[in-house]
Structures are given as C-alpha cells and as structure tokens.
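Please read the structure below together with its sequence. The text after it goes through selected parts in turn.

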Amino acid sequence: MSQQPRTEQQHPDLSMTITQLSLYVTADEKAMAEAAAGIIAEQSKEAIEKRDIFNIALSGGKTPIPLFEALSSPRWSKAVDWTKTVVYWTDERCVPPESPESNYGMARRPLLSHVEATRFYRMKGEDVPELASAAYEKLLADHFCLIPGEFPRFDCILLGVGVDGHTASLFPGDRALQEQEKSVVEVYPAKGKMPRITLTMPVLNNARCCIFLASGRSKNSVLSTALNLMAAPMLPAQMVRPHNGKLCWVIDNNAYQG
C-alpha cells in the first residue's frame with residue numbers, strides 16, 4: 001500500500017481489547033477508497049494464505065460506493081481472489097433487494113456485478129424483520145460452524161459512522177447495543193425510520209479487522225468523540241474495539257479537519 005497511516009495508537013490499558021489502531025487520513029474520497037482497497041487486499045491475501053478463504057462483511061450507505069468502484073477496477077479486482085471470497089453484510093434496511101435503499105443493491109451494482117464473486121449472502125430485508133434476523137443468524141452459524149455461545153469471526157468487516165455515532169445499524173441508546181448472545185438482531189430505530197437488521201457488537205469485536213470509512217465535514221464532530229478510545233465509549237462507533245484484531249479508520253481530510 002502506498003498510503004501510510006497518519007497516526008497509530010496503542011495503549012497498555014486497552015491491550016486486552018485493541019490489538020492495533022491505525023488512522024489513515026487521505027486527501028479526498030478517491031484516495032480514501034484506494035487506501036481502504038489496499039487494506040482489504042492485504043487482509044484477503046493473509047486470510048487466503050492461512051485459511052484458504054476470505055470472509056468479509058460489507059456496509060451500506062453512500063460512503064463505501066467509491067471503495068466498491070475501486071475494488072472492481074483493474075488495479076484492485078485482481079488483488080483480491082474473489083473466487084475464494086465469501087461476502088456478507090453488516091446490516092440491511094428492511095426493503096427488497098431492488099430498492100435503491102438496499103445495502104445489498106448498493107454493493108451489487110458497483111462491485112459484485114463486476115468481479116468473480118459467486119458466494120455472497122444478503123440479509124433478506126423484504127422478510128419480516130424477526131424472521132430475517134433469525135435466518136441470517138442460522139446462516140452464519142452454519143457457515144462458520146459455530147457451537148452455541150460462539151460468534152462468527154470475520155476476516156474483515158467494513159463499517160461507516162453516522163453523524164449520531166451509529167455504526168452498522170447499532171444506534172445510540174438502542175437496546176440492540178446491549179445484545180450479548182445473538183449474532184444478528186432486528187432494529188426499530190426511532191424517529192420513524194424503517195426497521196433494519198444488523199450484526200451485533202460482539203460480532204464486530206470478534207473480527208480480525210474492522211475498517212471504518214468516513215468522509216466530509218459533517219463527520220468531523222462525531223469523529224472527535226469516536227476516535228477517542230482512551231475515554232469510556234459513549235457512541236456505538238466508539239464501542240468497536242476488536243478483542244484480537246485490527247481497527248482501521250480511513251477518512252478524508254475534510255472529515256479529519258472539519
């Protein structure tokens with residue numbers, strides 16, 4: 001990777017919860033996408049060399065679209081062995097897959113339709129939320145050969161952060177943040193937002209690598225809190241602290257400086 005982390009933090013008091021924290025500050029969204037693609041390619045190579053498979057969970061929203069476009073470009077599409085890659089999702093809005101609001105669709109159109117990925121497993125947002133979350137939990141348990149009490153260990157989880165500090169579909173103050181037994185739950189956000197399905201915090205914190213993307217001046221305020229891992233976590237994004245894995249934040253200069 002040509003892009004190097006601007007800063008790295010490691011604190012002895014957090015050694016049991018954070019193996020490595022890296023902050024990559026890039027010039028713009030395009031450079032952010034290139035930096036994140038490089039990290040994903042590295043994680044893919046390591047996973048396939050060690051386990052002959054690369055399990056990744058993708059996020060939705062507009063922020064990762066430049067990354068999806070980068071990963072499908074000639075430079076990066078060959079850097080990831082898509083034939084040995086299995087794609088999942090961190091969360092999904094309760095809409096059908098053809099909806100412009102679908103996280104699955106946001107990844108399918110710019111990325112999965114252009115690479116040799118054949119194994120990808122969407123959350124079925126068109127189903128009853130409780131049934132969809134239970135079905136995805138069973139799917140993960142089967143694919144990762146889990147026993148009761150275990151959580152899937154993804155090689156890479158891609159995440160974003162909202163201006164309110166939410167990540168995946170884990171919102172501040174929501175009961176889903178307290179979930180410690182299930183891998184997947186349904187979420188009913190406040191303020192009339194549509195229901196969602198999401199991976200839970202124990203799954204995020206069990207990953208080998210979590211990559212956050214953030215861009216734009218609107219994210220500056222929330223980042224000042226979310227990146228403060230020396231303080232007790234106040235925001236869902238701040239609670240993502242992999243127990244035995246990497247934590248990477250890749251942001252553009254607007255999000256960094258405001």
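This is a predicted model: local features need pLDDT of at least 70, side-chain atom pairs count only at pLDDT 80 or more; totals for chains, interfaces and linings use all residues.

Residues 1-19 have a pLDDT below 50. Beyond near neighbours in sequence, that stretch has 43 contacts in the model.

Helix α1 takes in residues 29-51. With 23 residues at 1.5 Å a residue, α1 should span 33 Å, and its end C-alpha atoms lie 32 Å apart, which agrees. The N-terminal end of α1 is capped by D28, which has a side-chain oxygen 3.2 Å from the backbone nitrogen of K30. Just after α1, D52 has a positive phi of about 65 degrees.

Helix α5, residues 129-143, can be checked by the same rule. Its 15 residues should span 21 Å, and the end C-alpha atoms are 21 Å apart, in agreement. Buried residues in α5 are P129, A132, S133, Y136 and L140. Because these residues cover an arc of only 95 degrees around the axis, they lie on the same side of α5. Just after α5, C145 takes a positive phi of about 50 degrees.

T167 sits in the loop between β7 (156-160) and β8. Is T167 buried or exposed? Its relative accessible area is 1%, and buried means under 20%, so T167 counts as buried. Not counting residues up to four places away in sequence, T167 touches L159, G160, L204, F212, P236, A237 and V240.

The largest nonpolar core has 82 residues. Those with the most contacts inside this core are I40, L58, L67, F154, L199, I211 and W249. Which helix gives the most to this core? Helix α1 does, with 10 residues. For I211, leaving aside neighbours within four places in sequence, the contacts are I39, I40, C156, I157, L158, L159, C248 and V250.

Notes: Residues are numbered from 1 along each chain as its sequence is written. Side-chain values use heavy atoms; hydrogens and water are left out. Helices (H or I, at least four residues) and strands (E, at least two) are DSSP runs, numbered from the N terminus. The expected span of a helix is 1.5 Å times one less than its number of residues. A polar contact is a pair of N or O atoms within 3.5 Å; within protein, one must be able to donate a hydrogen and the other to accept it, and residues adjacent in sequence count only if both atoms are side-chain atoms. pLDDT is the predictor's confidence in each residue, from 0 to 100. Contact means heavy atoms within 4.5 Å. Buried means under 20% relative accessible area, exposed over 50%, partly exposed in between (1.4 Å probe, protein chains only). The arc is that of the directions from the helix axis to the C-beta atoms. A nonpolar core is a set of buried Ala, Val, Leu, Ile, Met, Phe, Trp, Tyr and Cys residues joined through side-chain atoms within 4.5 Å.
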